[in-house]
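Colleague: I want to go through the labels on this model. Please set each one against its cut-off.

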Amino acid sequence: MTARGRFITLEGVDGAGKSTHAAWIADTLRAAGLSVITTREPGGTPLGEILRGLVLSESMTLDTETLLMFAARCEHVAQVIEPALARGDWVVCDRYTDATYAYQGGGRQLGAQRVAVLEQWMQPSLQPDRTWLFDVPLELARARLADAREPDRFEREEAAFFERTRSAYHARAQAQPERFRIVDSSQPMPQVRAQLESELKALIQASRAL
Ligand code: TYD
């Protein structure tokens, strides 16, 4: 029987730099002989990408926004993530449910309880094996965003929104320290990469020891 793959997620506020590392993490895993897919949320399926376009551009109620995040996620888990893990592939996913706790639960102040209800509804309630939280002070995240392309609905939010989002991420990481690794993303790239490399190696070794 093929061993189940591992599920890796990357999180952080906009401008934290996580997307830059997704391809590098996938390449590092491939170099270790693993079969890997990279994907993202919201999105990752044809329907999910349509929903992504809507939530990033249209104004809507907070409940609608939250439900659409989970609608996209349900498709993604059923069509892409679960089948890949069952085949033995490793999945590197740019954002997952922690982002809903952070952005809708924290940033938009829906609260973690409401997000938890939807998380429990979604079956299977799949949890990542490892989550890297790319963490930067707010000013640096804002400066990085200012250099980027046209901002979406979330990126246009005020500073207080990002502070709430960042602290909701920290609360998640504190509650589940065995799953999370926090990366200080204000460090120079080689230092960030060195930390990721050693933590990835440990994850690969642990999976081979099973
Ligand atoms: P992001 O990874 O930042 O895409 P890009 O790098 O192309 O800008 O994700 C898009 C936005 O979606 C981001 O601002 C966070 C938001 N988001 C939520 O608010 N809730 C969620 O559950 C997810 C998955 C994303």
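What follows is a short exchange on those labels.

Modeller: This is a predicted model, where local features need pLDDT of at least 70, side-chain atom pairs count only at pLDDT 80 or more, and totals for chains, interfaces and linings use all residues. Residues are numbered from 1 along each chain as its sequence is written, and side-chain values use heavy atoms, without hydrogens and water.

Colleague: Why is Leu 47 called partly exposed?

Modeller: Buried means under 20% relative accessible area, exposed over 50%, and partly exposed in between (1.4 Å probe, protein chains only). Leu 47 has 42%, so it is partly exposed. It lies in helix H2, residues 46-57. Helices here are DSSP runs of H or I with at least four residues, numbered from the N terminus.

Colleague: How do you know that the buried residues of H5 line one face?

Modeller: Val 115, Ala 116, Leu 118 and Glu 119 are the buried residues of H5, residues 112-121. Seen down the axis, they fall within an arc of 165°, so they line one face. The arc is taken over directions from the helix axis to the C-beta atoms. The face turned away carries exposed Gln 113, Val 117, Gln 120 and Trp 121.

Colleague: What puts the buried residues of H6 on the same side?

Modeller: In H6, residues 138-147, Leu 138, Ala 141 and Leu 145 are buried. They cover an arc of only 65° around the axis, which puts them on the same side. Glu 139, Ala 146 and Asp 147 are exposed on the other side.

Technical notes:
Helix = DSSP H or I, 4+ residues; strand = E, 2+ residues; numbered from the N terminus.
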